[in-house]
Amino acid sequence: MTNEASVVRAVRHGDVQVISISNPPVNALGVAVRQGLKQAIEQAQADAGVRAVLVVGEGKAFIAGADIREFGKPPMPPSLPEVCNQIEASAKLVVAAIHGPALGGGLEVAMSAHYRLALPAAKLGLPEVNLGLLPGAGGTQRAPRLMGAKAAAELMLSGKHLSARAAQAAGLVDRLAEGEDPVAAGLAYVNELLEQGAPLRRTRNLAIADKAAALAELDALQADTAKKSRGLFSPLKIVECVRAAVELPFDEGLARERALFVECLNSPQRAGLVHAFFAERETAKVPEARGAAPRALNRVAVIGGGTMGAGITVAALDAGLPVVMIERDAESIARGQANVEKVYNGLIAKGRMTEEGKAAILARYTPSTSYEAIADVDLVIEAVFEDIEVKKAVFQQLDRVCKPGAVLATNTSYLDIDAIAGSISRPQDVIGLHFFSPANIMKLLEIVVPARVSPDVVVTAFELARRMKKIPVRAGVCDGFIGNRILAVYKQAADYIMEDGASPYEIDEAVRGFGYPMGPFQVTDLAGGDIGWATRKRRAATRDPKARYVEVADRICERGWFGQKTGRGFYLYPQGARVGQADPEVLAIVDAERQKKGIAPRKFTAEEIMRRYMAAMVNEGAKVVEEGIALRPLDVDVTFLSGYGFPRFRGGPMKYADMVGLPAILEDIRTFAKEDPLFWKPAPLLEKLVAEGKDFASLNQAR
Ligand code: 3H9
């Protein structure tokens, strides 16, 4: 248990009281820190020998904000707004010296000080919006007074971090200093201010210039935010708070902020977003990380220069790694190189990269048609055609040329990695690295752990993810791993809903209404219907003949309608349009399929569609956890948040299920099972949790 004595220290340097916060890892403002700060400020007021106060953070951060772990628990005094007001009201000069992140409540503390100094590594921001919140300790009232209403609102709406220099230009910081020691730089600044007889400049007393213009700018921002915030609750509340800062006296503005903050705090979106924040940091905590260290990771190779191989190559180059790309012949490697260059040329066209920048990156890129060129690399990622025999042939080559200890990874999205590993002499070095397309952009990396892999190979894969700034999720071997396996099931549910009466357009609309950027049929059209068609044909022989099979997509593919690239799929894309139009011929195909099976179509509301869609997703998610394919429910959540467009404010499918309540989800599944008991088989884990009165969160402790 922390106590205020250890997390906040007050040390006199002459007549300056240095209050330092020491609450690793990021000096979050938990109850002990708030108590400690309050006490230290009170002591400084009472001590006649103290002329000024300097607030600093120890370690890497100034203060990263409120302690996010306290949200949703009963509030414990003093509140942060109270502490901020007390700092601002200090009768002695207060200066904040910022040398690292000063985020959210951390910046609110700094804005309550009378002056702010920033060192080069400072990062200032009000990122509460990312957690479904707004700055709730006076930030919405003080930031507009320091930097202007529009700039303050934009900072809060974007959640962006400003560098020391940018923060000074914006008016948040009064002085820049060199170095890394906030105490030394801070003391010099405090003494200078004392010498000058600088006034106690309280932010609350600063005026906002030209209120009419500020309000007009906020009107425009409000309209823009309403359009862009896609179902998010807190962005419009942020604009409302900044409006209050312009229109109302400071204390009334604070009261308004408090009321709206509490609304945000109590919203399910806050619970979902905070879950997402922590879940993304938990996924790297895997059993293999205990006791194993990563292998060397200085040079990598990518086998294959297609879309996936080129995307992975770019991701590795962007991470600063030298990359050898292997293709089978001169023509293919030229195409591979062109695929890589296309990415950088796109950046140059957008003005986000220079020709020199591109040349510097490509200096680390070596194209080759000879496997001998990868004899000394530390890690190889195979990204060739999705066929087990083709992949095994590549791994034979890798086994032959790679140095002992090289990590041999496959980017397969569903093939049996145990079988690939078993086909060579070093199964302990084989792992799955399932990137998502476009691999240089998409954050998710499924790290697929076969039975015989050595723990240090798993740890090396996580290290690669860290360097590539990917979000890694550990998955076990099965058809589709975590993401594609669950996707296949809810996609099937969507097909059933379609055949039973909803149009693909109604289903897509319901899914978008839930918060997804696109519905499942739009995704099929974007990815290309031929991909799923090929998979369905391959699996036809092994499909359970008793399982319901919807043929609509096959009828569409048989006509050569593969989606956007062919101008029509489930939707019509006239003249290469990116947004599809409803197609009466597709509806006729759906109708014909229904008639063939004797299905009388019925109406589905958006809510009914989503209940089925989500029940299918959650049920399969539970099976994936139960089988150990995902370590914890949170790994399923992160997979869908970062790889499948699941709305972040809902926290992921398993968090969503917890919020709806597992008994309700199970009841839905049992009801649907009356129509189709084969498809709607409740996951035993779900039944067990309901019987025990538990939720998925109870399984989220690191395993
Ligand atoms: C707020 O302030 C509300 C107020 O306006 C109003 C109040 C009334 N609390 O990210 P990392 C943990 S809302 C608790 O891996 P990095 C994190 O979970 C807050 N814990 O490091 C991890 O723990 P573990 C507004 C926190 O160097 C460890 O610290 N502030 C908090 O890549 C290291 O984190 C924000 O939204 C926290 N506030 O990045 C800032 N922050 O080791 C959120 C971090 O057990 N934080 N942890 O897994 C960040 O953006 C990044 O953590 C930061 C460091 C940039 C600071």
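**A predicted chain and its ligand**

The model described here is predicted. Along its principal axes, the C-alpha trace of the protein chain spans about 85 × 60 × 55 Å. The protein chain contains 29 helices and 19 strands. Of its 703 residues, 55% count as buried. The protein chain exposes about 29300 Å², and carbon and sulfur atoms supply 55% of that area.

Contacts show how parts of the sequence come together. Among contacts in the protein chain between residues at least 6 apart in sequence, 73% join residues at least 24 apart. Arg290 lies in the loop between α12 and β10 (300-303). With a relative accessible area of 55%, Arg290 is exposed, because the cut-off for exposed is over 50%.

Gly405 gives another example. Gly405 sits in the loop between α16 (388-401) and β14 (407-410). Gly405 and Asp378 are 27 residues apart in sequence, with a C-alpha to C-alpha distance of 7.6 Å. If neighbours within four places in sequence are left aside, Gly405 is in contact with Arg295, Asp378, Arg426 and Asp429. The relative accessibility of Gly405 is 33%, so Gly405 counts as partly exposed.

The next subject is the ligand. There are 24 residues around the ligand, and Ala64, Gly105, Glu108, Glu128 and Arg281 come nearest. By class, this shell has 14 nonpolar, 4 polar and 6 charged residues. Helices α4 (105-112) and α12 (268-282) each supply at least two residues of the shell. The largest share, 3 residues, comes from α12.

A polar side-chain atom of Arg281 is 2.6 Å from an oxygen atom of the ligand. For Lys285, a polar side-chain atom lies 2.9 Å from a ligand oxygen atom. With Gly136 the polar atom belongs to the backbone, and the distance to an oxygen atom of the ligand is 3.1 Å. Taken alone, the ligand exposes 1000 Å², and the protein buries 76% of that.

Some details of the backbone remain. The peptide bond from Pro24 to Pro25 is cis, with omega near 5°. Pro25 is found in the loop between β2 (16-21) and α2 (31-46). The peptide bond from Pro77 to Pro78 is also cis, with omega near -5°. Pro78 has its place in the loop between β3 (52-57) and α3 (80-89).

Asn27 is not a glycine, yet Asn27 has a positive phi of about 60°. The loop between β2 and α2 holds Asn27. Asn27 has a relative accessible area of 2%, so Asn27 is buried. Asp210, although not a glycine, has a positive phi of about 45°. Asp210 is placed in the loop between α8 (182-196) and α9 (211-228). At 53% relative accessibility, Asp210 counts as exposed.

Terms used: Residues numbered from 1 in each chain as written. Predicted model: local features only at pLDDT ≥ 70, side-chain atom pairs only at ≥ 80, totals over all residues. Heavy atoms only, no water. Near = heavy atom within 4 Å. Polar contact = N/O pair within 3.5 Å; in protein donor to acceptor, adjacent residues only side chain to side chain. Areas by Shrake-Rupley, 256 points an atom, 1.4 Å probe, with all protein chains shown as cover. Helix = DSSP H or I, 4+ residues; strand = E, 2+ residues; numbered from the N terminus. Nonpolar A, V, L, I, M, F, W, Y, C, P; charged D, E, K, R; others polar. Buried < 20%, exposed > 50% of the residue type's maximum accessible area, 1.4 Å probe, protein only. Contact = heavy atoms within 4.5 Å.
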